[in-house]
Amino acid sequence: MDDAATGQVSTAAAEIYEDFFVPALFGQFAAPAAEAARVAPAASVLDVACGTGALTRALAYRAGPKGGVVGLDRNPGMLAVARRAAPGIDWCEGRAERLPFDDAAFDAVTCQFGLMFFEDRTAALRQMWRVLRPGGRLVVTVWDDVAHSPGYAAMLALLERLFGAETAAGLRAPFVLGDPVGFAAEFAAAEIPGAALVTLSGTARFPSIADWVHTDIRGWTLADAIDEAQYARLQEAARDALAGFEAADGSVAFAAPIHLVVARKA
């Protein structure tokens with residue numbers, strides 16, 4: 001699998017991801033995911049595919065100073081940014097398919113917007129279930145279908161028109177588990193019982209169309225796929241193609257719903 005399919009970014013892109021993507025899009029879902037995990041003070045929690053740690057930090061806040069929170073990611077660039085943002089959290093480089101932890105090691109396990117990028121989703125889910133203690137909760141979130149996020153549907157159409165389907169695939173990859181039936185089937189394949197799915201509304205917010213393009217391209221896997229000339233061409237084309245999402249003050253907002261699954265281990 002290539003970097004686009006596995007969500008791998010450079011350290012520079014990870015810094016943009018934390019500074020722009022987290023407040024614009026990802027940060028709003030940390031609280032509901034942490035709430036769904038029912039993290040109590042002094043709990044032991046694992047956040048798989050933690051990225052720069054938006055959810056991990058919310059989990060650590062709930063677990064408190066006596067808790068033990070681990071953020072695991074395969075991407076060293078993401079982890080470098082995460083460590084700077086929250087040096088008190090245990091950040092670990094590793095793969096979801098081979099978690100380096102004992103059986104029943106955690107009171108809760110979370111994975112926010114990571115499952116779609118794993119090379120073996122069934123193995124990853126089985127590993128997360130393995131390290132979860134009886135009575136604990138597994139919480140996994142993915143993006144809803146891109147058709148329900150009109151801004152990203154329009155951005156994908158623009159990227160494909162300008163640069164072709166292969167380049168656009170980098171932005172399409174986060175939405176591949178958007179079908180709730182298909183998402184639920186991942187848990188069935190991993191033999192995880194009682195997985196309950198809900199769809200939560202959300203909103204993507206950017207200061208401007210230019211900031212939106214900057215975040216999607218420079219803060220994601222497309223940072224190395226689009227050169228400076230192509231980037232300038234995209235910024236120019238986006239002013240017209242994406243104008244329908246622009247408010248009177250120049251800001252941008254559009255729907256960005258997610259699916260959230262909770263499974264409690266008996």
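Predicted model: local features only at pLDDT ≥ 70, side-chain atom pairs only at ≥ 80, totals over all residues.

Me: How many salt bridges does a search of the whole structure find?

Reply: Side chains of opposite charge can pair when their charged atoms come close. Searching the whole structure, the count of salt bridges comes to eleven.

Me: How many residues apart in sequence are the parts that R74 and E119 tie together?

Reply: R74 sits in the loop between β2 and α5, while E119 belongs to the loop between β4 and α6, so the pair ties together parts whose separation in sequence is 45 residues.

Me: Is E186, the salt-bridge partner of R121, buried or exposed?

Reply: The closest N and O atoms of R121 and E186 are 3.4 Å apart. R121 lies in helix α6 and E186 in helix α9, so this contact joins parts 65 residues apart in sequence. R121 has 23% relative accessibility and counts as partly exposed. For E186 the value is 14%, and because buried means under 20%, E186 counts as buried.

Me: Which helix holds E160, the partner of R172?

Reply: R172 and E160 form a salt bridge at 3.6 Å, N to O. R172 is partly exposed, with a relative accessible area of 37%, and E160 is partly exposed at 37%. The two are twelve residues apart, with R172 in helix α8 and E160 in helix α7.

Methods: Residues numbered from 1 in each chain as written. Heavy atoms only, no water. Salt bridge = Lys/Arg side-chain N within 4 Å of Asp/Glu carboxyl O. Helix = DSSP H or I, 4+ residues; strand = E, 2+ residues; numbered from the N terminus. Buried < 20%, exposed > 50% of the residue type's maximum accessible area, 1.4 Å probe, protein only.
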